[in-house]
Amino acid sequence: MKILSIQSSVAYGHVGNSAAVFPLQRLGHEVWPVLTVHFSNHTGYGAWRGPLLAPADVAEVIEGIADRGVLGTADAVLSGYQGDPAMGAVILDAADRVRAANPDAVYCCDPVMGDTGRGMFVRPGIPEYLRDVVVPRADIITPNHFELDFLAGRTTTSLTAVLDAVDVVRATGPRDVLVTSVLHDDVPAGSLEVVAVSDEGAWAVTTPLLPISPNGGGDVTAALYLAHLRTTGSPAIALERTIASVFTVLERTLAAGTREIQLVAAQDAIADPPTRFVARRLR
């Protein structure tokens with residue numbers, strides 16, 4: 001595929017495009033990275049340097065791609081953290097232009113806004129903007145459990161409730177939903193689940209809960225799920241392959257004792273996902 005990925009970038013470490021581009025390329029896809037920021041490192045360190053790019057500058061880069069006559073040949077648009085509605089408007093415009101030129105193209109949005117235990121960590125108004133404007137115009141979304149609950153306007157503590165919440169969100173627009181870090185009443189102790197839902201049905205995988213939550217894991221997950229879903233056409237296979245790769249990356253990171261995810265060290269498990277987790281059909 002050819003993927004237009006509009007995300008942040010860091011020189012040191014792996015978040016945003018610095019987490020998504022390499023895995024996609026390792027799978028053999030062509031990626032056109034458009035940067036929304038270019039920082040020295042991710043903001044989780046508490047200090048960083050580098051520019052926050054203006055939405056108009058990002059739009060100029062996308063327009064330059066269009067000038068080459070290739071924007072309409074993209075198969076997908078991928079986005080992650082959106083810190084400003086003006087930047088969101090640029091991303092949505094790009095997605096609309098790509099899909100208008102290529103009706104088979106999709107827009108995959110990771111609606112980054114918060115997490116269990118941390119609450120919302122984006123600016124006030126961004127969660128509502130994502131819920132009301134961005135998510136309804138996406139084809140694929142990859143929220144975590146906390147973000148799903150916000151998007152659906154409810155708190156879910158059972159697997160049935162999680163699926164009902166996904167149905168509420170899917171009714172607003174996106175057809176494919178991947179929910180990460182799912183913890184409900186029936187998840188075994190020391191485990192978590194990831195749930196994929198589409199028009200074809202719903203599936204889940206259960207994995208051990210590793211004592212690690214590094215930055216960038218969600219960015220890798222969204223990129224890999226987009227790639228595997230579009231190349232296989234199967235949410236179940238995409239779920240299995242994505243989680244197998246991401247889990248291996250997290251294992252390597254935990255073993256290395258590093259703060260940054262070990263993408264390069266785990267690249268073989270990205271290019272050729274191991275058979276580790278079996279997706280069980282929920283409906």
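**View 1. The annotated domain span, residues 105-258, in a predicted model.** The end C-alpha atoms of residues 105-258 lie 37 Å apart. The span is 44% helix and 21% strand; helices (H or I, at least four residues) and strands (E, at least two) are DSSP runs, numbered from the N terminus. The UniProt record, an unreviewed entry, labels residues 105-258 "domain: Pyridoxamine kinase/Phosphomethylpyrimidine kinase". Such annotations may be inferred rather than shown by experiment. Residues are numbered from 1 along each chain as its sequence is written. In this predicted model, local features need pLDDT of at least 70, side-chain atom pairs count only at pLDDT 80 or more, totals for chains, interfaces and linings use all residues, and side-chain values use heavy atoms, without hydrogens and water.

**View 2. The largest nonpolar core.** This core has 46 residues. A nonpolar core joins buried Ala, Val, Leu, Ile, Met, Phe, Trp, Tyr and Cys residues through side-chain atoms within 4.5 Å; buried means under 20% relative accessible area (1.4 Å probe, protein chains only). Leu4, Ile6, Ile62, Tyr107, Ile141 and Val195 have the most contacts inside it. Helix 3 (residues 85-101) gives the largest share, 7 residues. A second, separate core of 40 residues includes Ala20, Leu226, Val246 and Ala266.

**View 3. Surroundings of Ile141.** Contact means heavy atoms within 4.5 Å. Beyond four places away in sequence, Ile141 touches Cys109, Pro111, Val135, Leu151, Val169, Pro174, Asp176, Val177 and Leu178.

**View 4. Helix 1, residues 17-26.** Of its 10 residues, 7 are buried, so helix 1 is largely enclosed by the rest of the structure. Among the buried residues are Asn17, Ala20 and Leu24. Their cover includes strand 1 (2-10), strand 2 (30-39) and helix 7 (217-232). Just after helix 1, Gly28 takes a positive phi of about 95°.

How values were computed. Buried means under 20% relative accessible area, exposed over 50%, partly exposed in between (1.4 Å probe, protein chains only).
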